Amino acid sequence: MDSSKAPLDVIAASLRRHRARAGLSLTEVAKRAGVAKSTLSQLESGTGNPSVETLWALAVALDTPFAALLDPPRPRVQIIRAGEGPAIYSDRADYSATLVASSPPNARRDLYRIVASPGPGRRSDPHMPGVVEHVILSSGRALVGPLDDPVELRPGDYIAYPGDLPHLFQALEELTTATLVSEHV
């Protein structure tokens with residue numbers, strides 16, 4: 001369990017996140033779990049005192065593992081620097097292909113070419129739950145990633161970060177270009 005937060009805060013945030021991902025109202029989740037709407041409202045605000053049975057019923061109603069309500073998975077940030085990663089070389093040309101992220105089953109992806117100049121940067125609000133963004137910097141330099149901990153990228157560097165959290169793309173040089181893949185799972 002995340003020791004930096006009170007357990008009730010972790011449970012409250014987990015319940016809100018999983019309910020939003022499921023696209024269910026407070027009333028619908030309470031009904032499915034067989035708990036009072038006021039009880040669920042208190043739990044989501046961090047003021048309730050849930051029993052194991054109540055949390056178990058809510059986990060079932062939200063179709064999520066019980067443990068995810070107590071200790072949710074942490075966002076994963078992955079960085080592959082230029083020249084790193086599993087490269088496959090051609091016998092016929094001066095060519096290599098480096099796998100930076102394989103597609104998970106049933107994933108959808110949008111691909112963007114980014115051109116940016118120095119300035120305050122593009123701060124993005126959280127996207128839909130489960131979105132992961134992948135960026136490969138082509139030219140220039142940029143700060144990219146979670147708003148609270150962006151990473152400086154140089155040409156050829158790769159980063160993956162949770163797109164469902166606030167994030168940043170801030171060019172540090174003129175004509176900074178990148179490829180961005182927004183993955184919706």
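Trainee: Is the crossing of helix 2 and helix 3 left-handed or right-handed?

Mentor: This is a predicted model, in which local features need pLDDT of at least 70 and side-chain atom pairs count only at pLDDT 80 or more, while totals for chains, interfaces and linings use all residues. Residues are numbered from 1 along each chain as its sequence is written, and side-chain values use heavy atoms, with hydrogens and water left out. Helices (H or I, at least four residues) and strands (E, at least two) are DSSP runs numbered from the N terminus. A crossing is left-handed if the near helix is turned anticlockwise from the far one by less than a right angle, and right-handed if clockwise; for helix 2 and helix 3 it is right-handed.

Trainee: At what angle do helix 2 and helix 3 pack?

Mentor: Axes are lines fitted to C-alpha atoms, for helices over the stretch in contact, and angles run from 0 to 180 degrees between N-to-C directions. The axes of helix 2 and helix 3 (residues 37-44) are 9 Å apart, and the angle is about 115°.

Trainee: Which residues of helix 3 meet helix 2?

Mentor: Contact means heavy atoms within 4.5 Å. From helix 2, L26, T27, V29 and A30 take part; their counterparts in helix 3 are K37, L40, S41 and E44.

Trainee: What is the strand order of the open sheet?

Mentor: Two strands pair if DSSP finds at least two bridges between them. The edge strands, each pairing on one side only, are strand 1 (78-80) and strand 4 (108-116). With antiparallel pairing, the five strands have the order 1-9-6-11-4.

Trainee: Which residue of strand 9 is the bridge partner of Q78?

Mentor: Strand 1 and strand 9 (residues 158-162) run antiparallel, joined by three bridges. In strand 9, Q78 has as its bridge partner A160.
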